[in-house]
Amino acid sequence: MPARLPYAYKYLRAKKKFPHVWCPGCGIGIVMGSIIRAIDSLGWDLDDILMVSGIGCTSRMPVYVDFNTLHTTHGRALAFGTGAKMANPKLKVLAVMGDGDSMAIGGNHIIHASRRNMDITAIIVNNNNYGMTGGQFSPTTPQGAKTSTTPYGMIEPDFDICKLTEAAGANFVARGDVYHVIELDGMIKKALSGSGFRVVEALAPCPTNFGRANRQGDAVNMMELLKDNTINIAQASKLSKEKTEGKTVRGIFVDRDEIGYLERYEELCDRVLSEVKK
Amino acid sequence: MSGVPWGETKLVQGNEAVALGALAAGIDFFAGYPITPSTEVAEILAREMPVIGKKWIQMEDEIASISAIIGGSLAGGRSMTATSGPGFSLMQEGLGYACMTEVPLVLVNVMRGGPSTGLPTQVAQGDVMQARWGTHGDHPAIVLAPSDVKECFDLTVKAFNLAEEFRTPVILMPDEVIGHMREKLTFPKEEEVCVIPPSSPDVPLEWYEHYHTSATGVSPMAHFGSGYRFHVTGLTHDTHGFPTRKVDEVVSKMNRLKQKITRRLDVLENNMIHDVENCDVVIFCYGSVYRSALAAQKILAKQRKKVGIFRPVTIWPFPDRTVKEMLDSKEVILVPELNQGQIIHEVERLTSDSVRVVPLHRFDGYEITPEQLVAAVLEVM
C-alpha cells in the first residue's frame, strides 16, 4: 500500500462505479474534483453530506462519490433537496445540476429555492447544451450557436444563471470555469461555507456535442477558449468596456448574509409555540 | 383546536379528519400546493405542525411537493402531501420515482370531476385507474378509499403504517363528498392508535443493502444522515441502489417490486361485505357511493328485496380472489360509480359471462343517491 494515497480516494466509491460515464474532455469530472477538494478542506464528515441531482450528464455525479447520494428526476434536485433539508436540517445539502436540468425543466424550482433562500448549495455545470441526449439546445445555448435542435443556429436569447438567481434572492452567486480550477475550488468552498441558497455556475466544455457542432476543436481547444473568453471580475473592473467586450465575467457576484429558510422556520416554530403557551 | 382531540367527540370534516389522522400517525413533514377540494388538509396542517415543531412547506407546484416529501422521507421524516385531480396528474412523476426507489409516503388525492380542470368543487371517482396505472412502467399501488369521516382519520393512520410496512407510496382517495362532508367523530384515545415507526437497519454499516432481499420483499430502510451512506436513483438498480442493466438484477428488482404486494394481499385486503351470500342483487361500490348503497339497501329491505353490498376499502390491489369466490355465483351485480366505468372492468374480469354486471354511471358532479340505486336495483331484478 502506498504511504500516502491521494486524498480523493476517501470521497470516491471503490466498487463497480468506475469508469465513469463522462466523455473524454468533458468538464464535469473537473467540477467533481473541485467539490471534493472544497469538502476536504472544510473537513466535513461524509455522513453529513447529501449530494442530490436531477437528470443529465452532471446529474450522474452522485453515483461516484461516497456521500449520502440522491439521483432524482429531471429538474427536481432542488425540490427533493428541500424536503431532505427540512426533514433533517443537519444534512449539508449539495445539489449538482446541468444547465438544462436547472434552467429549463427545473427553472421554476431554482427561482423558488432562490426566493426562499433555501439552505442548499447548487453547483450548476453549464456546458451550453443537453449532452446526455446528444447535444440539443438548452436555455444557456448562446444565440447563433448550432446544436442538434438548432441546425440553423439558436434564435432564442439565453439565460444568465447568475443574474437570474441573484434577482430571485440567492444568498451567494458565483461563476467560475473548469480552466481556472483553483479559483473554482475557492468559490465552491465559499459557497459551502454559508447558509441560505448558494449558487456556483461552472462553465465547462462539451467537446463531444456542443464543441463539435460549433467547430470549437478538441477538448484542449475548448479549454483554451475558456481561458481566452472569460475574465475575472477584478481584472474586468480595471479594463475599459471595449477590452472586456464579448468576455464572460468570472467571480463572486453576490455574497449576502440574509437569514436562510431553515432558520426562519425555526423562528416561526419558536414564536407560535410561545404564543400557544400564553 | 390544537392537535388531535384524543378521546373527544366532535363534528369533523373529512379533510380535517385526514389532517388530524396524519398528526395522529406522527407526521414529520408535509409539502403541498393549494388545490380544491383538498386544500383544508394543507391549511389545517399549516396551522398545527409548526406548533409541535414539525416541518410544513407550500411548494411551487405539485411536482415539487411530491419531490420534497420523497426527499423528506429519505431523510427520516414521515411525509405526506395532499392534492386533487390536476395535481395528482402532475404528481405521477414523483409517484413512479417513489415506487421505484421504495420510499414510504402518503399521497392524499381528494377526487373531483375531470378530465383537466373539470369540476373543481364537485364530486367524481374518475382517478381510480390513474391511481393504479397513472405513472409509467409496471409498478405497485396501494390505494385506500374512505367512505366516512371516521375512516378518513383511521385510514390516514393506516396509510402511514402501510407505507412503512411496504416501503412504498400509499394513496388515500376520498372523493369530494367524503372530503367535504361533516360527521360526528369520536376520536380514539392516544394509546389506542397503532403507529408503526420508521424502520432502521440493524446491521453494521458495511453489511447494509438499501434494497436487501428479504422474505417479505421489504427490508428496513436507513435514512440520510444516519451513518448508512447509500445511493438512491430512479434508474433500475441493484440491491445496493446502484444503476444496473444486468438482466438478472433487473428482473429480480421488478419481480420484488410486484411481489412485495402480491404475496401479502392478506395484509392489504380490506372489504366491507353485507348480506352478499343470500341476496338477489349485489351492489359493488366504494367511497361515497357506499353510503348511498347502505341507504338503498334499507329502503329495499322494506320492499322485501334482498340486496347485498360488496365494498372494497382497499381498492388497489383489487380483491381478486374474494370477488371471484363471492360474486362469480351471483346473477346480477350492479356497479355504481361516479365516472364512466372504471372499477366495473375489474368486476367483469373476475366474473363469468353468466353473471350480469350492470353499470350505473354518474359524472355530472353530483353524488349517486339512494333513490337512484333503488330504481336501478328494481330495474335489474
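## A look at B:Pro220 and chain A

Let's start with one residue: B:Pro220 is partly exposed, with a relative accessible area of 38%, where buried is under 20%, exposed is over 50% and partly exposed is in between (1.4 Å probe, protein chains only). This is a predicted model, in which local features need pLDDT of at least 70, side-chain atom pairs count only at pLDDT 80 or more, and totals for chains, interfaces and linings use all residues. Residues are numbered from 1 along each chain as its sequence is written, chains are lettered from A and ligands numbered from 1 in the order in which they are written, and side-chain values use heavy atoms, leaving out hydrogens and water.

Where does B:Pro220 lie in chain B? You'll find B:Pro220 in the loop between β10 (182-186) and β11 (231-233). Strands here are DSSP runs (E, at least two residues) and helices are too (H or I, at least four), numbered from the N terminus. Leaving aside residues up to four places away in sequence, B:Pro220 touches B:Arg167, B:Ser199, B:Ser200, B:Pro201 and B:Tyr208; a contact means heavy atoms within 4.5 Å. Take B:Arg167: 53 residues separate B:Arg167 from B:Pro220 in sequence, yet their C-alpha atoms are 8.5 Å apart.

Now for chain A, which has 11 helices and 10 strands. Of contacts between chain A residues at least 6 apart in sequence, 67% join residues at least 24 apart.

| Chain A item | Value |
|---|---|
| Residues | 278 residues |
| Buried share of residues | 54% |
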